[in-house]
Amino acid sequence: MAETVDSMPCGALIIGGSAGSLDVLLEIFPALRNDIGFPIVLVVHRKASNESLLTDLLKSRTTLVVSEAEEKEFLKPGNVFIVPADYHMLIEEDESISLDYSEKVNYSRPSIDVTFQSAAEVFREKLVCILLSGSNADGVEGLKSVNNFGGRVVIQNPNTAIMPYMPQQAVLNVKPHVVLDSHHMADYINKLND
Amino acid sequence: MISDAIDNEQVEILLNDVLETHGYDFLEYSHASIKRRIIRLYGLDNFVSFAEFRYTVKTDKQYFKRFLEEITVNVTEMFRDPSFYKSLRNDVLPVLGTYPFIRIWVAGCSTGEEAYSLAIVLKELNLLNKSLIYATDINPSVLDKAKKGMFPLNYLKQYSENYLQSGGLKDFSTYYTANYSLAKFDESLNSKMIFSTHNLVSDHSFNEFQLILCRNVLIYFDKDLQHKVFNLFDGSIEKLGYLALGSKESLEFWPKAKEYKRVKMEKIWRKL
């Protein structure tokens with residue numbers, strides 16, 4: 001089973017994180033190869049006012065194109081899209097982006113569940129979702145959808161997470177494809193390219 | 001929420017029913033968002049089958065009211081994006097203040113938080129007396145709430161912070177009285193508001209305005225519908241009038257955008 005999924009090309013990578021995930025992202029991004037062949041979407045919980053801080057931080061650490069997601073924009077391979085603070089992000093069938101200012105989910109906007117769920121149906125077995133450190137249970141329902149649609153579920157090893165609750169909840173409730181230590185993440189992502 | 005409870009084809013069937021039976025056209029809404037709203041409502045109201053859901057939406061007028069309120073997004077706040085309100089206060093409204101009479105349209109006003117925020121700024125600039133705010137929404141039930149001017153008290157701390165950041169001059173609490181869990185806003189504010197239903201998808205222009213505010217409404221529409229609505233606005237804004245959009249919305253890809261000039265860094269454009 002694992003082998004068949006692994007051989008599937010990656011259509012999109014979505015990384016969800018909350019408290020304690022920034023350290024992991026800052027470790028991952030400098031180590032990514034510059035010819036990544038799929039779009040990367042980041043859903044990170046943060047204060048509504050911290051508009052461009054995360055974008056600026058990551059831009060300075062990778063050669064990939066990093067930008068805050070614009071509504072109706074198409075996902076492009078090799079580009080990193082950061083879900084804007086205080087909006088949910090959904091993905092349309094044509095792989096364009098829809099932003100949404102509806103109710104918070106799991107006290108969060110953006111919510112990781114919302115983006116995981118919507119991507120699960122669009123990319124199906126070509127989707128890879130990674131859930132990082134955090135202190136609430138956002139992302140768990142989303143990962144269930146990813147599983148249902150045949151995508152790959154990757155969870156940060158809770159023992160390597162600054163805030164283990166979120167990955168712990170995921171490991172307890174969803175069957176992961178793989179559980180990874182934070183310093184193995186970049187290597188895993190680079191190999192998705194092959 | 002079970003994300004695969006209703007598939008794309010069923011969404012299409014339901015939205016066609018809604019158009020045929022109730023006359024509301026959601027077919028050009030952003031598909032992923034409207035689908036998520038539909039699945040959310042299906043789960044909230046514990047339907048057991050799509051057939052039952054479809055039948056209820058089609059035949060039960062009372063339920064359709066709820067459907068309409070729940071599949072449209074009615075999340076809003078007072079003085080959202082303080083820097084936007086600062087620009088209204090400093091760059092836009094003083095210009096409109098030179099006119100004998102100011103007509104403003106808040107399109108998609110939901111429960112009214114933006115209309116009241118605007119009225120507060122107008123009041124502080126001594127312009128409220130010669131202003132009229134037309135606040136419209138597709139949804140009659142949110143307009144009933146908007147008319148009352150009562151907002152949950154637990155949000156007021158955030159609103160007050162937004163207000164101060166936007167350049168507010170007073171103690172925000174002078175604008176409302178606390179009434180159990182609600183803050184009732186001063187009636188002088190809504191004395192200058194006219195509330196009415198208006199569907200941006202199917203209704204026409206109904207007046208000419210010097211300022212149209214339509215924030216975080218167009219993100220739910222597909223590109224073609226966005227352009228139709230921009231045309232509707234274009235036909236409803238006076239020369240040198242202003243159009244204000246949400247922080248993630250833009251006129252950029254609309255063919256007539258070059259007839260508008262952006263005001264500083266905010267999502268405000270002036271018709272040339």
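Two domains in chain B. The assignment, automatic or from a database, puts domain 1 at 8-71 and domain 2 at 82-271. Their centres, taken over C-alpha atoms, are 29 Å apart.

A word on the source. This is a predicted model, where local features need pLDDT of at least 70, side-chain atom pairs count only at pLDDT 80 or more, and totals for chains, interfaces and linings use all residues. Residues are numbered from 1 along each chain as its sequence is written, with chains lettered from A and ligands numbered from 1 in the order in which they are written.

Now, where do the domains meet? In chain B, 8 residues of domain 1 contact 10 residues of domain 2. Contact means C-beta atoms, placed from the backbone, within 7 Å. On the domain 1 side, helix α4 of chain B, residues 61-71, gives the largest share, 3 residues. That side of domain 1 holds 2 nonpolar, 2 polar and 4 charged residues. Nonpolar here is Ala, Val, Leu, Ile, Met, Phe, Trp, Tyr, Cys and Pro; charged is Asp, Glu, Lys and Arg; polar is the others, Gly among them.

Next, the whole chain. Chain B has 10 helices and 10 strands. These are DSSP runs, numbered from the N terminus: helices are H or I, at least four residues, and strands are E, at least two.

The C-alpha atoms of chain B fill a box of roughly 55 × 50 × 30 Å along the principal axes. What about burial? Of the 272 residues in chain B, 44% are buried, meaning 20 or more other C-beta atoms, placed from the backbone, within 10 Å of the residue's own.

Last, contacts along the sequence. Among chain B contacts between residues at least 6 apart, 79% join residues at least 24 apart.

How values were computed
Two residues are in contact if their C-beta atoms, placed from the backbone, lie within 7 Å. A residue is buried if 20 or more other C-beta atoms lie within 10 Å of its own, exposed if 12 or fewer, and partly exposed in between; C-beta atoms are placed from the backbone.
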